[in-house]
Amino acid sequence: HKISNLMIYNFAEPSTGFFSQLDSTARLDSLTLKSYFFKGIYSGGVAGINRGTINEVHVDTDSLDFVNSAGGFVSENYGTITNSSFSGTLMGAYVGGIAYDNYGTISKCKVVLKNENILRKPTMYGGIANNNKGTISDCKASGEIYASVNIGGIASVNTGTVERCSSSVNINGAGSTNLPGINLNNAYALGGLIAVDSGKVYNSHATGNITATASNVGGFVGVAFGQITGCSATGKIK
């Protein structure tokens, strides 16, 4: 179950990938995409939209190059992604290592990000998900991210639940100038685990270093409106 040297170019259809959609009865199991290159819009490396189960799927890529709203695995996840991994470079305006939007469950996944100082930097970047509105549990992220604002080792914006996760991602970005009356909708920040949090975070850890050119920067969370319990951060902030 390995496919090597696959190249996909698709600007005609949004919400696509190796599959366009995985429906609620679908199960994708035991697949490796090696030396994989994708260039398209609103997409995911594995599927545009997942409503089913993705298990033991591994994406090892040179680069996935999206316009925006994309993820290393899926653009939108309403199902379950588990026991899987992503390794490579992600490009696009708003991206997540596994998913752009997570409404479902992402568990026991590992991401190695290779977004070194690339010429076209993403705007917002989450190591596992750009926007987490579901559950991310027992996941690990490592590597390097160069982006602009709302960069988090696990999530860019969390309004759901993050538990038992760890990030050793080194983050490089702007953060933001302080805004009067700052709230969830106008917050821009950098965080070792989460950039902007208004959800729940349990028993998670961040060890990556953060280099910022502006403010709203935290070793664990950049701006927090939610609940954080049993967590720690040991990285350096510059």
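Which residue stands opposite Ala155 in β24? Select Ala155 and look across: Ile194 is the one facing Ala155 in β24.

Before going further, keep in mind that this is a predicted model, where local features need pLDDT of at least 70, side-chain atom pairs count only at pLDDT 80 or more, and totals for chains, interfaces and linings use all residues. Residues are numbered from 1 along each chain as its sequence is written, and side-chain values use heavy atoms, with hydrogens and water left out.

**Stop 1: the parallel strands**

Strands here are DSSP runs of E with at least two residues, numbered from the N terminus, and two of them pair if DSSP finds at least two bridges between them. Now step across to β16, which pairs with β20 in the parallel sense, again over three bridges. Select Asn132 and you'll find Asn158 as its bridge partner in β20. Asn132, in β16, also has Asn102 standing opposite.

**Stop 2: the cores**

Next, colour the largest nonpolar core, which has 52 residues; Ile54, Phe73, Phe86, Ile98, Ile106, Ile136 and Ile154 touch the most other members. A core here is a set of buried Ala, Val, Leu, Ile, Met, Phe, Trp, Tyr and Cys residues joined through side-chain atoms within 4.5 Å. Among the elements that give two or more residues to this core are β4, β6 (53-66), β10 (85-91) and β22 (166-173). A second, separate core has six residues, including Val157, Ala189, Val196 and Val223.

Zoom in on Ile154. Leaving aside neighbours within four places in sequence, its contacts include Ile128, Ile136, Cys139, Val162, Cys165 and Leu193 (contact means heavy atoms within 4.5 Å).

**Stop 3: Ser84**

Pick Ser84, in the loop between β9 (80-82) and β10. Is Ser84 buried or exposed? Ser84 is buried, at a relative accessible area of 2%; the cut-offs are under 20% for buried, over 50% for exposed and partly exposed in between, with a 1.4 Å probe and protein chains only. Draw a C-alpha to C-alpha distance from Ser84 to Cys109 and you get 4.8 Å, though 25 residues separate the two in sequence. Not counting residues up to four places away in sequence, Ser84 touches Ile54, Phe73, Cys109 and Lys110, among others. A polar atom of the Ser84 side chain lies 2.8 Å from the backbone oxygen of Thr82.

**Stop 4: the rings**

Finish with the aromatics: searching the whole structure turns up three pairs. One of them is Tyr9 with Phe37, tilted at 55° between the planes and 5.6 Å centre to centre. Rings of Phe, Tyr and Trp (its six-membered ring) pair if their centres lie within 6.5 Å, with planes under 30 degrees apart counting as stacked, over 60 as edge-to-face and the rest as tilted. Tyr9 is in strand β2 (residues 7-10) and Phe37 in β4 (residues 27-40), so the pair ties together parts 28 residues apart in sequence. Tyr9 is exposed, at 54% relative accessible area. Then select Phe18 and Phe19: their planes are at 85°, with centres 5.0 Å apart, so this pair is edge-to-face.

Technical notes: Helices (H or I, at least four residues) and strands (E, at least two) are DSSP runs, numbered from the N terminus. A polar contact is a pair of N or O atoms within 3.5 Å; within protein, one must be able to donate a hydrogen and the other to accept it, and residues adjacent in sequence count only if both atoms are side-chain atoms.
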